[in-house]
Amino acid sequence: MIDSRQASAALADIDDIVQRVKQSQLYELASLAAVWWGVLVFAANLVTWLWPIYAVYAWVAVDVLGVGGLIALRVFDPKSHPFGAGVGIRLFLIFALFFAFGYLVTNVVGHFGPRQLGTFWPIYFMLFYTLAGLWFGYAFVAIGLGITALTLFGFFYIGEAFPLWMAFVNGGGLILGGLWMRRI
Amino acid sequence: MAELDDIIHQPLRLKIMAALNALPATAGLEFSRLKKLTGATDGNLGAHIETLAKAGYVSVEKAFVGKKPQTTVTATAAGRGAFARHVATLQEIIAGKQG
């Protein structure tokens, strides 16, 4: 029989591994979401660069497919997720509020041009990524701050090719970040 | 008075069972992910999974994903029950009812 100190150590080991499993599951889910959004954002930025006239349609499609993809992840594979079933509805509400606030800032309070829009939405999205990272793991913080810094660099220093820059920085960054999360 | 489960009590097997028990009932973990989570070597992890499987605490499923073999380990109902009893015993020891 073991003593209470050894029993406490065993329970601490259990707690530690449970936390690691939960974080691993969260990273797996976040990785899928990041890669999915990354592919969409990459494509929409390319459309914006090559055929600016169709940019608005491309970005509406990204938003619909992006949020739809996340909800589909919940609907088709809910058992492997670390959180409860209510997260699907909350996820939808989070995105509804997210887009409503973004629209208010860019179209009502201010009147942003294409370059400002192309900068605001990624850094706004990455702000939430970074904040989430303070609770859920350093990978979110690294991806959020990294993409924000490169986006701002592009805003100030990249000229006509800004949408192409953003295709690689935002789209490519999310894809690489998502793949990196799977390896952590 | 409850006894500690000798099979689960070994440190690596305790980690394996804790990791599997943290998942929903029918979900399992791939061998490579379990290896990363527990920090064990291939051989050591394989041997301890075999011990748990022989006791009926885990089920092991081998499949091919493309050309790569993939081993998935899942806690059985018996394994989950044994793990819950083991944890309860540890808590009793800490509370001073045993040990």
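Where is the place of Leu97(A) in chain A? Leu97(A) sits in helix α3, residues 87–109 of chain A. Helices (H or I, at least four residues) and strands (E, at least two) are DSSP runs, numbered from the N terminus. This is a predicted model, in which local features need pLDDT of at least 70, side-chain atom pairs count only at pLDDT 80 or more, and totals for chains, interfaces and linings use all residues. Residues are numbered from 1 along each chain as its sequence is written, while chains are lettered from A and ligands numbered from 1 in the order in which they are written.

Stay with Leu97(A). It counts as exposed because it has 10 C-beta neighbours inside 10 Å. The scale runs as follows: buried means 20 or more other C-beta atoms within 10 Å of the residue's own, exposed means 12 or fewer, and partly exposed lies in between, with C-beta atoms placed from the backbone. Ile175(A) is 78 residues away along the chain, and its C-alpha atom is 25 Å from that of Leu97(A).

Now take chain A as a whole. It has six helices and zero strands. Its C-alpha atoms fill a box of roughly 75 × 35 × 30 Å along the principal axes. Of its 184 residues, 29% are buried.

Next comes the meeting of the two chains. Chain B brings 20 residues to the contact, and chain A brings 18. Two residues are in contact if their C-beta atoms, placed from the backbone, lie within 7 Å. On chain B, α2 (11–21), α3 (31–38) and α5 (77–95) each supply at least two residues of the side that touches chain A. The largest share, five residues, comes from α2(B).

Which residues of α3(B) are buried? They are Leu34(B), Leu37(B) and Thr38(B). These residues lie on the same side of α3(B), because they cover an arc of only 85° around the axis. The arc is that of the directions from the helix axis to the C-beta atoms. An α-helix has 3.6 residues a turn, so residues three or four places apart point the same way. The cover over the buried residues of α3(B) includes α1 (4–50) of chain A, along with α2, β1 (29–30), α4 (42–54) and β3 (68–75) of chain B. After α3(B) comes Gly39(B), with a positive phi near 70°.

One record entry remains. UniProt, in an unreviewed entry, places the feature "domain: Winged helix DNA-binding" at residues 12–94 of chain B. Over residues 12–94, chain B is 59% helix and 22% strand.

Conventions:
UniProt positions are given in the numbering used here, feature names are shortened, and annotations may be inferred rather than shown by experiment.
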